Amino acid sequence: MTELAFDLPDGTSVPVTVTRLLNAGYAGREQDEVAAHVAELAELGVPAPEVTPALYPVAPYLAAQADGVPVQHGRTSGEAEWALVVAGPRPEDLLLTVACDHTDRALEVHGVAWSKNAGLDVLGNGAWRLADVEDHLDELRLRAWVAHDGGPEQLIQDSTLAALLPPRHWLDDIAELLEPGTVLLSGTVAMLPGVDQFGDRWRVELADPVTGQTLELAYAVERMPEPIG
């Protein structure tokens, strides 16, 4: 279990003990496009899911509000996402925050679920109540930047949430799993072509054009020493 806390715009802080962590995958709203993406990944050796969208259980201790992510090698990268946080039993306890699923790309070809359990799911410190943004959810903008060797950031992901299945899809489809203490990551959006995803720093933001508010996270990718033996 992991103890987290989320700061809301009204100045309150909501503590959450994470007891269940779920990563959605292949969760684009246009499932025909998702099927084409699955075929592309299969050509690269990434195992295709049996169904889409997919859902991967992840060890709860991998949910983190962190400024550094330890990795074992140079082929890992983030994925910009939203996260649904079930902070309690009431509808007003449903929170939305920004997230980045840091994934092991070398391990991904052997099993997507394995790769999801090889890195942290980084969550923002701030959150919004889902009820406060749900009526304009598709207008929220999700962007990510990657940096290399101390150089400038490069935009690598840029999309509105209209590209992804909404939180309500999961609340209706897997309600029995979304008990208090659950955090569900949405799945990601396409990366921009020509940008090297294997950087040493990631920054992700979720912006609300209606309120002008932005949720943000940033972290360094920290290469661990080589194993001995």
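R105 counts as buried, since its relative accessibility is 12%, where buried means under 20% relative accessible area, exposed means over 50% and partly exposed covers what lies in between, all with a 1.4 Å probe and protein chains only. The model is a predicted one, in which local features need pLDDT of at least 70 and side-chain atom pairs count only at pLDDT 80 or more, while totals for chains, interfaces and linings use all residues. Residues are numbered from 1 along each chain as its sequence is written, and side-chain values use heavy atoms, with hydrogens and water left out.

R105 belongs to helix α2, which covers residues 105-108; helices (H or I, at least four residues) and strands (E, at least two) are DSSP runs, numbered from the N terminus. The side chain of R105 is joined to that of E108 by a polar contact of 3.3 Å, a term for a pair of N or O atoms within 3.5 Å of which, within protein, one must be able to donate a hydrogen and the other to accept it, with residues adjacent in sequence counting only if both atoms are side-chain atoms. When its neighbours within four places in sequence are left aside, R105 is in contact (heavy atoms within 4.5 Å) with R75, T76, S77, G78 and E79, and also with M191, Q197 and F198.

Y26, in the loop between β3 (20-25) and α1, has a positive phi of about 55° although it is not a glycine. D149, which is likewise a residue other than glycine, has a positive phi near 50°, and its place is in the loop between β13 (141-147) and β14 (154-160). As for accessibility, Y26 counts as buried because its relative accessibility is 14%, whereas D149 is exposed, with a relative accessible area of 75%.
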